Amino acid sequence: MSDSQDIAEHLATSAQRDEVLELGMWTFLSTEVLLFGGLILSYFVYRHADPQAFLAAGRETRIVIGTVNTALLLTSSFCVAAALQAAEQGARRATRTLLGIAILLGLGFLGLKGVEYLGEYREHLVPGVNFARTGQDAHGIELFFIFYFIATLLHGVHVVAGIGVLAVFAAMATATTARSRYIAGLRTAALYWHFVDLVWIFLFALIYLPGRSS
Amino acid sequence: MSEIRRPERRLWRPFVDLVLCWIGLLALLGLTVTLSYQPLASFNFPVAMTIATIKAGLVAAIFMELRHRSGIIRAFAAAGFFWLAILLWLGLMDFLTRV
């Protein structure tokens, strides 16, 4: 019964609240799957139309930054999963520390993405701004970089939103008195952060890996 | 005095399965980057996508805790990917079969 103030009046039990929260988040994530899915469909279509240009464009991307960024996001996801476990076991300080590390890793990801964008601007790879490639692959390379900028900027917006959500939970970690409600909320926020990681896993394979062997 | 003074803060440690999942994900990242430099001709792309799918499966099962969830939550989680499969299948059918 100590839980009762944590439950909205239209819900009967905390178990029902937890399930409703998770179902709601997965429903939202389904719309996100289709949002990024539409982008990825366009990638497949244009790659199928001009495979050589997509391999050439893949070689232009910065694989070191891309790989480090993937490792940063995977590690931040691990920290958030561990933070949830810590919260479930009542380790409030560990929860706050782990969420703080996850936020720093997310900021590191955005910083490196900025470095990458700057490099691409200097190499005249930004379509609509200063794209300057010639030759028979130029059009396909431009299409690749249109996908690249739209997909990574959209993903970056999700990283920013995720960092904001994690910051709220980090700030509440030691202060909140509504423990079970906090844990349920953190579980939902963690699902969102893991999803942002999951999208990046596929973007990494589509953007950075093509054309490396040739 | 001495019996009341206990260490107040024990270092909290995550479960070992979370740590193993994290190490596994980093290992798969290393593997996919290494394999992308191998001349596998048309297999480079399917290999990269297969490893990405395995990584996504690890994140979903362990970090997102779907392995501990009931049928209805798994169904909600799978629904988006089911519709994505329809989107990709119908969307690409024309391009992949056109001669």
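## The loop between α4 and α5 of chain A

H124(A) is placed in the loop that joins α4 and α5 of chain A, where helices (H or I, at least four residues) and strands (E, at least two) are DSSP runs numbered from the N terminus. Although H124(A) is not a glycine, its phi is positive, at about 55°. H124(A) counts as exposed because it has 11 C-beta neighbours inside 10 Å. The classes rest on C-beta atoms placed from the backbone: a residue is buried if 20 or more other C-beta atoms lie within 10 Å of its own, exposed if 12 or fewer, and partly exposed in between.

This is a predicted model, in which local features need pLDDT of at least 70 and side-chain atom pairs count only at pLDDT 80 or more, whereas totals for chains, interfaces and linings use all residues. Residues are numbered from 1 along each chain as its sequence is written, and chains are lettered from A and ligands numbered from 1 in the order in which they are written.

## A positive phi in chain B

E65(B), also not a glycine, has a positive phi of about 60°. The residue lies in the loop between α2 and α3 (71-97) of chain B. With 18 other C-beta atoms within 10 Å, E65(B) is partly exposed.

## Architecture of chain A

Chain A contains six helices and zero strands. Its C-alpha atoms fill a box of roughly 70 × 30 × 30 Å along the principal axes. Of its 214 residues, 40% are buried. Contacts are defined by C-beta atoms, placed from the backbone, that lie within 7 Å. Among those in chain A between residues at least 6 apart in sequence, 77% join residues at least 24 apart.

Helix α2 of chain A spans residues 51-60, and its buried residues are A53(A), F54(A), L55(A), A56(A), A57(A) and G58(A). The cover over them includes α1 (14-49), α5 (138-172) and α6 (179-207) of chain A.

## The largest nonpolar core

A nonpolar core is a set of buried Ala, Val, Leu, Ile, Met, Phe, Trp, Tyr and Cys residues joined through C-beta atoms within 7 Å. The largest one has 80 residues, and V80(A), A83(A), L99(A), A102(A), F144(A) and L166(A) have the most contacts inside it. At least two residues of this core come from each of α1, α2, α3 (63-88), α4 (92-122), α5 and α6 of chain A, and from each of α1 (16-36) and α2 (44-63) of chain B. The most is given by α6(A), with 17 residues.

Setting aside neighbours within four places in sequence, L166(A) is in contact with V80(A), L99(A), A102(A), I103(A), A189(A) and W193(A).

Conventions. Two residues are in contact if their C-beta atoms, placed from the backbone, lie within 7 Å.
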